[in-house]
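Colleague: Could you walk me through reading a few local features of a model? I would like the general idea each time, then the case at hand.

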Amino acid sequence: MAQMAQLAMNPPSPATSRTYGTWPNERMRTPIPATGSLVGAHIIRGNYSPEINFTLAPGQDFLAPVRITANRPGAGGSVPVAWQGVPNARAFFMMAMGAMEDRTMILWTSSEAQFAGFGFLDYLAEDDVARLLQQRVLLPATTTQCTVPAEVAGRVQGASLMLNAFGPEANFSYPARPARAPRGWAPDWTVKLRTRSAYMGMLGQDLEAMMRGETPERQQEQPRRRRSLRDRILGQ
């Protein structure tokens, strides 16, 4: 378990920083449009902070959304889950969790090692991503499908499904960190950018189709509605 542990994310907070600010804050919070981008120059100014300047390249932008393309029970009771590739993703991690009739909780993950990875629903440092890929705890970035076995899918009721894509990390400072930083090196400011994209839904259920009002029965009927008039007359 110690070999598979990951460093907890400890971003700045009021408890750890004498001067702490959040932007956008609750008074300024606005939704980010689907076409929103972080690429370009950024300047942060404050009356209690140094001026912070950094520029983000295209590869350091938001990760694309995780798009599930298949999430239906198979013939044997397993649930094959498939998704579109996420550009710039470094790794994936999938988890399903649900309860049996006797209220026993079952937790399943895509890790090849027996491991409960609640922490993998947060951001991960690049070093952790590389190490956990080598240990086969995370799925490679080229993966686009993973099957929840029947031993899990067939025994739980209303199981949740979570899929995380981990993206690249970028670090900036002024002055720039030297290759061999001396002990006690202290820049005026540092910026750490971590990216991820997450999906949360129900195992074996297409939530997007359900939001459109399509029940599993209606979805199965759709191909029959497209039959030609000849096929309908002949009963095919």
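Modeller: Helices (H or I, at least four residues) and strands (E, at least two) are DSSP runs, numbered from the N terminus. This is a predicted model, where local features need pLDDT of at least 70, side-chain atom pairs count only at pLDDT 80 or more, and totals for chains, interfaces and linings use all residues. Residues are numbered from 1 along each chain as its sequence is written, and side-chain values use heavy atoms, with hydrogens and water left out.

Colleague: What is omega for the peptide bond from Y174 to P175?

Modeller: Most peptide bonds are trans, and most residues other than glycine have a negative phi. The bond from Y174 to P175 is cis, with omega near -10°.

Colleague: How do I read the sides of a helix, and which residues of α1 are buried?

Modeller: Look at the arc, taken from the directions from the helix axis to the C-beta atoms. In α1 (residues 126–134), the buried residues are D128, V129 and L132. They lie on the same side of α1 because they cover an arc of only 100° around the axis. D127 and Q134, on the other side, are exposed. The cover over the buried residues includes β5 (91–99) and β9 (157–174), where contact means heavy atoms within 4.5 Å.

Colleague: How many residues does the largest nonpolar core have?

Modeller: A nonpolar core is a set of buried Ala, Val, Leu, Ile, Met, Phe, Trp, Tyr and Cys residues joined through side-chain atoms within 4.5 Å. The largest one has 25 residues, and W83, F92, M94, V148 and L203 have the most contacts inside it. β9 gives the largest share of this core, four residues. A second, separate core has 10 residues, including F93, M95, V137 and L138.

Colleague: And what does W83 touch?

Modeller: Leaving out residues up to four places away in sequence, the contacts of W83 include R67, F92, M94 and L163.

How values were computed
Buried < 20%, exposed > 50% of the residue type's maximum accessible area, 1.4 Å probe, protein only.
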